[in-house]
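Have the sequence and the model open side by side.

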Amino acid sequence: MFNIYWTLESEAQVRSQLDKEVAAVMAQSDSPLACCSDGWTPLPNSNKCFKVESKKSSWFDANQTCTDHGGYLLSMNNQTDIQFVVSLVQISLQGNDSGYSVWVGGRTNEPRKSDTTHWFWTDGSDFEAHLWAKGEPNNSQEYCHAKEQESCLQFVLNNKKWNDNCCSLNFPFICEQIVSDWTPCK
Ligand SMILES: [Ca+2]
């Protein structure tokens with residue numbers, strides 16, 4: 001009982017510390033910030049809010065969690081601020097040994113080696129194939145369960161590039177939410 005309590009308290013403390021660090025990063029921005037829900041971080045000068053989930057999940061569970069929160073898995077189209085996303089994930093997953101890649105909202109129903117044309121974002125925005133790592137997508141299925149193919153999109157922080165991977169593998173993930181009535185908070 002004591003151990004459970006202690007663990008919960010520690011997680012809350014870590015979370016609180018991370019929230020402070022994220023707030024400190026945001027405070028450095030002079031740009032207007034959207035009013036995001038608690039636990040979500042605004043992208044400066046936009047109507048977008050982001051939330052990194054450290055709980056490792058399959059792509060489909062991650063997608064469902066983001067939807068349940070009124071958002072969707074991150075779409076990394078050509079308007080996405082890559083460095084902002086990288087910084088936010090690094091801060092949020094500090095100390096997490098698998099924190100160097102996250103699920104994002106890209107998927108394909110026709111996984112094939114070197115085929116970048118059948119990928120889509122879950123929010124329906126245009127998928128421009130601009131961030132594939134060298135040799136990806138390769139549909140290697142190296143770490144897949146039997147018969148599963150690499151049809152979900154993983155963003156790898158070390159090289160800031162994409163990898164196609166098996167949807168059933170568990171990774172942290174990042175959700176995005178658009179604030180429809182954008183009144184800047186500051
Ligand atoms: Ca791959």
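## Starting at Leu-73

Let's begin with Leu-73. Setting aside anything within four places in sequence, Leu-73 is in contact with Ala-62, Asn-63, Cys-66, Trp-103, Val-104, Gly-105, Thr-122, Phe-173 and Cys-175. Keep in mind that this is a predicted model.

Leu-73 also turns up in the largest nonpolar core, a set of 33 residues. Leu-73 is among those with the most contacts inside that core, along with Phe-50, Val-102, Trp-103, Val-104, Phe-173 and Ile-174. Who supplies the core? At least two residues each come from strand 2 (48-57), helix 2 (59-68), helix 3 (82-92), strand 4, strand 5 (119-121), strand 6 (152-156) and strand 8 (171-178). Strand 8 gives the most, with four residues.

One of the contacts of Leu-73 is Gly-105, which sits in strand 4 (residues 101-108). Is Gly-105 buried or exposed? Gly-105 counts as buried because it has 27 C-beta neighbours inside 10 Å, and the cut-off for buried is 20 or more.

Beyond its neighbours within four places in sequence, Gly-105 is in contact with Tyr-72, Leu-73, Leu-74, Ser-75, Trp-121, Thr-122 and Asp-123. Take Thr-122: it is 17 residues away along the chain, yet the two C-alpha atoms are separated by 5.6 Å. Thr-122 is on the contact list of Leu-73 as well.

## Strand 2 and its partners

Strand 2 pairs with strand 1 (residues 41-42) in the antiparallel sense, over two bridges. Pro-42 has Cys-49 of strand 2 as its bridge partner. The hairpin made by strand 1 and strand 2 has five residues between the strands, and Asn-45 there takes a positive phi near 60 degrees.

Strand 2 also pairs with strand 8, again in the antiparallel sense, this time over seven bridges. Here Ser-57 stands opposite Phe-171 of strand 8. Both strand 2 and strand 8 supply residues to the core described above.

## Zooming out

How many helices and strands does the chain have? There are three helices and eight strands, arranged along the sequence as α-β-β-α-β-α-β-β-β-β-β.

Of the 186 residues, 32% count as buried. Looking at contacts with a separation of 6 or more, 66% of them are between residues 24 or more positions apart.

Note on methods
Residues numbered from 1 in each chain as written. Predicted model: local features only at pLDDT ≥ 70, side-chain atom pairs only at ≥ 80, totals over all residues. Buried ≥ 20, exposed ≤ 12 C-beta atoms within 10 Å, placed from the backbone. Contact = placed C-beta atoms within 7 Å. Core = buried A, V, L, I, M, F, W, Y, C linked by C-beta atoms within 7 Å. Pairing = 2+ DSSP bridges.
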